[in-house]
Amino acid sequence: MKMVQDIIIKPLITEASMDMMADKKYCFKVLKNATKPEIANAVEVMFGVQVQSVNTVNMKRKPKRLGMNSGYTPAWKKAIVTLKPESKTIEFFEGLN
């Protein structure tokens, strides 16, 4: 059983995600094996909002080099959560504008 605190790893703060906040869309880094209903439930419980839809993207690993050493960044999962129009906004993101 996954706990709601374990599903959402961290919020993603980028220029593109800040622009999406006007449309009540928020980006999160989530657990790799989390499903869309689990992500929606976790956001609703943690932030007290109403979720309309969840879109997920599996981000692939990328090759990186530092001198002669080479390796890969880890693969991870991104979730874009859209809130209902009548829902309140997430307070965590309010001070970032």
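Reply: Buried means under 20% relative accessible area, exposed over 50%, and partly exposed in between. The model discussed here is predicted.

Me: Is I13 buried or exposed, or does it lie in between?
Reply: I13 has a relative accessible area of 44%. Since buried requires under 20% and exposed over 50%, the value for I13 falls in between, so I13 is partly exposed.

Me: Where is I13 found, and which residues make a nonpolar surface patch with I13?
Reply: I13 is found in the loop between β1 (8-11) and α2 (15-20). The patch covers about 280 Å². The residues that make this patch with I13 are F92 and L96.

Me: Which element gives the largest share of the largest nonpolar core?
Reply: The largest nonpolar core has 22 residues. The elements that give two or more residues to this core are α1 (4-7), β2 (25-30), α3 (36-47), β3 (51-59) and β6 (76-83). The largest share, five residues, comes from α3.

Me: Which residue of β6 is the bridge partner of C27?
Reply: β6 is mostly covered, with six of its eight residues buried. β2 and β6 pair in the antiparallel sense over six bridges. In β6, C27 has as its bridge partner I80.

Me: Which residue of β6 is the bridge partner of N58?
Reply: β6 also pairs with β3, in the antiparallel sense, over eight bridges. In β6, the partner of N58 is K77.

Note on methods: Residues numbered from 1 in each chain as written. Predicted model: local features only at pLDDT ≥ 70, side-chain atom pairs only at ≥ 80, totals over all residues. Heavy atoms only, no water. Core = buried A, V, L, I, M, F, W, Y, C linked by side-chain atoms within 4.5 Å. Buried < 20%, exposed > 50% of the residue type's maximum accessible area, 1.4 Å probe, protein only. Helix = DSSP H or I, 4+ residues; strand = E, 2+ residues; numbered from the N terminus. Patch = residues over 30% accessible without salt bridge, like charges linked within 9 Å, V, L, I, M, F, W, Y side chains within 5 Å. Areas by Shrake-Rupley, 256 points an atom, 1.4 Å probe, with all protein chains shown as cover. Salt bridge = Lys/Arg side-chain N within 4 Å of Asp/Glu carboxyl O. Pairing = 2+ DSSP bridges.
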